[in-house]
Amino acid sequence: MRRYFDLRRASALYAGTRVEAFVGGVYYTPAVTDALSICDLTFRFPGTPGETPTVGIPALSLAPGEQLLLTGPSGCGKSTLLSLIAGLLTADAGTISIAGENIQALGSAARDRLRGRRIGMVFQTFNLLHGFTAAENVMLALMFSDLQPRAHRERATQLLSTLGLDQAHQTRRVDRLSVGQQQRVAVARALACSPTLVLADEPTASLDPDNAAAAVGLLRSACSSANAALLCVSHDPALPALFPRHVSMQEIGPGAASTVCADGGAR
Amino acid sequence: MAMTDLAIVGRSLTSRWFATATTVLTVGVAVGLLLVLVSLRSAGEQAFARGTGNMHLLVSADSSPLNSVLNSVFYMGNPAAAKPLSAFAALRADPRVSWAIPVVQGDSFQGYPTLATTNEFFTSFEPARGSPWRFEQGAGFKNTFDVVLGAEAAAGTGLRVGDHLHLTHGTHDESGHAHEHDEFHFEISGILAPSATAHDRAIFTTTEATWLIHATDLRESARNPVAPTVQNLRDDEKVITGLYIRVKGRANTDAPPALQELYAELRKDGTITVAQPGSQVASLFKVVGGIDRIIFALAAAVLVSSSITIMLVLYQAMELRRRQVAVLRVLGASRFRVFMLALTEAAVIGIAASLLGVAVAFVGAHSVAFAVYQSIGLTISPSLDLRWVISIVAGATALACLAGIVPAAVAYRTDVLRSLRPIG
């Protein structure tokens with residue numbers, strides 16, 4: 001397991017550089033802003049009894065384009081973490097930076113804008129809007145992106161074609177598409193705004209093992225070619241084999257080794 | 001084409017087209033009802049106010065002032081009694097009187113009422129204050145048996161200047177047959193331009209012609225062998241049912257000082273009924289006004305309750321669409337934006353319903369006007385006053401928006417997480 005540390009705050013000399021600590025060895029890498037950087041995050045649902053927070057993560061980061069699988073049993077706070085990252089929940093403490101911008105520090109409307117421009121989401125049940133065509137579902141996501149409206153149709157068509165959905169199916173209502181086709185539309189929608197980070201919530205939970213592998217393959221290759229970081233949460237025991245990097249909620253949880261955070265100094 | 005907020009609203013409304021259509025219909029009918037009432041009320045008031053024209057007093061032998069006005073000016077019934085013209089000689093010569101035009105009513109032709117009068121009716125009396133009679137064709141009476149047609153009577157009978165006709169006595173007789181006066185041939189000398197008053201339905205003859213017809217009947221039944229002529233008509237045969245009077249005064253005064261004085265004097269005479277048509281119409285509308293305030297309140301209540309329908313329909317739809325709202329939030333829509341989407345849906349329903357309402361009102365008002373014309377012969381020209389249309393349309397849309405606030409608040413408060421989880 002690897003973990004990233006950033007010493008930018010520790011020394012002016014190293015300002016803007018990234019220090020990667022790896023099995024004792026220390027070496028420098030060029031300056032890159034992380035796609036996702038979580039620091040000292042704690043969150044408890046209001047009214048939950050006990051001292052243990054629902055989510056407590058000292059540090060977690062994803063380099064641009066990096067793909068990480070986060071596993072854990074149901075109810076361990078995986079989905080809650082995704083909502084915190086997407087800015088749909090407000091943390092009790094800590095920072096969550098998307099491409100260097102702390103989404104938790106933003107106001108409600110600014111969070112929504114950041115989410116629309118930088119984050120794509122994929123769900124177990126796809127959550128496509130029925131009554132709209134495949135292309136329209138992708139264009140709905142583009143409404144909240146930086147892309148000019150007149151370029152929306154072309155972008156949607158191009159994305160869906162790349163993901164293997166032909167013209168005839170693009171103009172069909174999503175509720176009349178097969179599960180596999182809906183999966184492609186969901187991935188296309190997540191990548192529509194050219195996001196920095198894609199969040200996938202149990203993307204394979206409703207699929208058999210063969211289809212699950214295909215779906216993960218689709219998601220991973222699409223994110224790779226779009227150069228979007230991918231954070232996938234799942235309790236599917238078959239998935240770790242399909243991801244280059246894999247951590248469990250427990251490993252990154254409150255008990256994890258103390259780290260140095262991007263903006264918090266040494267802890 | 002890119003997706004827009006309006007496209008989302010449109011799709012949402014059309015995907016529930018049945019609920020949308022019924023809601024639009026409900027609200028539209030309520031808006032239409034209000035507009036019909038508004039347009040008919042002002043049109044009705046106008047029709048009554050116009051008809052009395054520039055006369056100050058109406059003298060008749062009817063039972064009540066209101067009856068006399070309704071009969072002699074609006075042709076709603078036949079005058080109850082007639083009096084010899086000679087009885088009014090002093091009044092007609094009174095120095096305070098500008099003009100006193102005799103009218104005789106009670107006959108009809110093909111369902112159109114007749115009014116026997118003198119040429120003064122066309123030259124001095126104005127059917128609507130400030131707009132004197134204008135002849136579309138021909139001119140007033142030149143001979144005893146000349147006839148002038150009101151615009152609608154001309155259109156309805158298809159008669160033209162130079163055509164001949166026979167007049168019947170009484171609008172109906174007991175046996176249901178009209179008694180035709182074949183002995184007298186009338187010729188049409190003129191056709192009046194429309195005045196938008198009840199007079200447009202009338203057929204005008206000379207008083208002498210009417211007297212001659214009736215005298216012929218009377219002398220026949222009295223076995224009097226002497227055929228009536230204009231010269232040998234007796235005073236008791238020269239009867240009138242009403243006298244239109246204008247009191248002298250400055251040209252544009254409606255209440256010259258002499259009016260009240262003359263009115264008071266005439267009221268002392270127990271044999272006649274004297275009415276000020278303007279104030280009779282006003283008092284009539286005071287009675288009607290109380291009733292239509294109730295109808296107005298009812299129409300407004302219907303509008304409010306149909307707004308509640310909007311709220312219910314959209315609220316229910318919103319409960320079903322929590323997932324859609326949550327998806328939009330995930331894609332980057334702010335709480336405010338989804339709030340506005342829901343509100344826009346309500347507004348679109350309100351606007352569509354208002355437009356429907358205007359159409360309903362247009363058709364409705366004209367059919368009611370037609371029905372009124374058919375049943376009591378009162379010509380009302382309903383017009384949708386733009387100010388009323390705008391304020392009712394704006395009011396209905398505002399109400400719809402108000403009703404949209406509740407479902408919009410549901411959208412605003414949607415719990416994104418919970419709404420996106422798979423069911424079960």
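In chain B, R219(B) forms a salt bridge with E237(B), the closest N and O atoms being 2.8 Å apart; by salt bridge I mean a side-chain nitrogen of Lys or Arg within 4 Å of a carboxyl oxygen of Asp or Glu. The pair links distant parts of the chain, with R219(B) in helix α7 (residues 207-221) and E237(B) in the loop between α7 and β12 (239-240), 18 residues apart. Helices (H or I, at least four residues) and strands (E, at least two) are DSSP runs, numbered from the N terminus.

Please note that this is a predicted model, in which local features need pLDDT of at least 70 and side-chain atom pairs count only at pLDDT 80 or more, while totals for chains, interfaces and linings use all residues. Residues are numbered from 1 along each chain as its sequence is written, chains are lettered from A and ligands numbered from 1 in the order in which they are written, and side-chain values use heavy atoms, with hydrogens and water left out.

Elsewhere in chain B, a network of salt bridges links D94(B), R96(B), E261(B) and E265(B).

I turn to chain A. There, the side chains of K78(A) and E202(A) meet in a salt bridge of 3.7 Å, N to O. K78(A) lies in helix α1 (residues 78-85) and E202(A) in the loop between β9 (197-201) and α7 (209-226), so the pair ties together parts that are 124 residues apart in sequence. Both K78(A) and E202(A) are buried. Over all chains, a search of the whole structure finds 16 salt bridges.

Finally, the interface. How many residues of each chain are in contact? The count is 29 residues of chain A with 24 residues of chain B, contact meaning heavy atoms within 4.5 Å. Between chain A and chain B there are two salt bridges. E136(A) and R11(B) meet in a salt bridge, at 2.7 Å, N to O.

Note on methods:
Buried means under 20% relative accessible area, exposed over 50%, partly exposed in between (1.4 Å probe, protein chains only).
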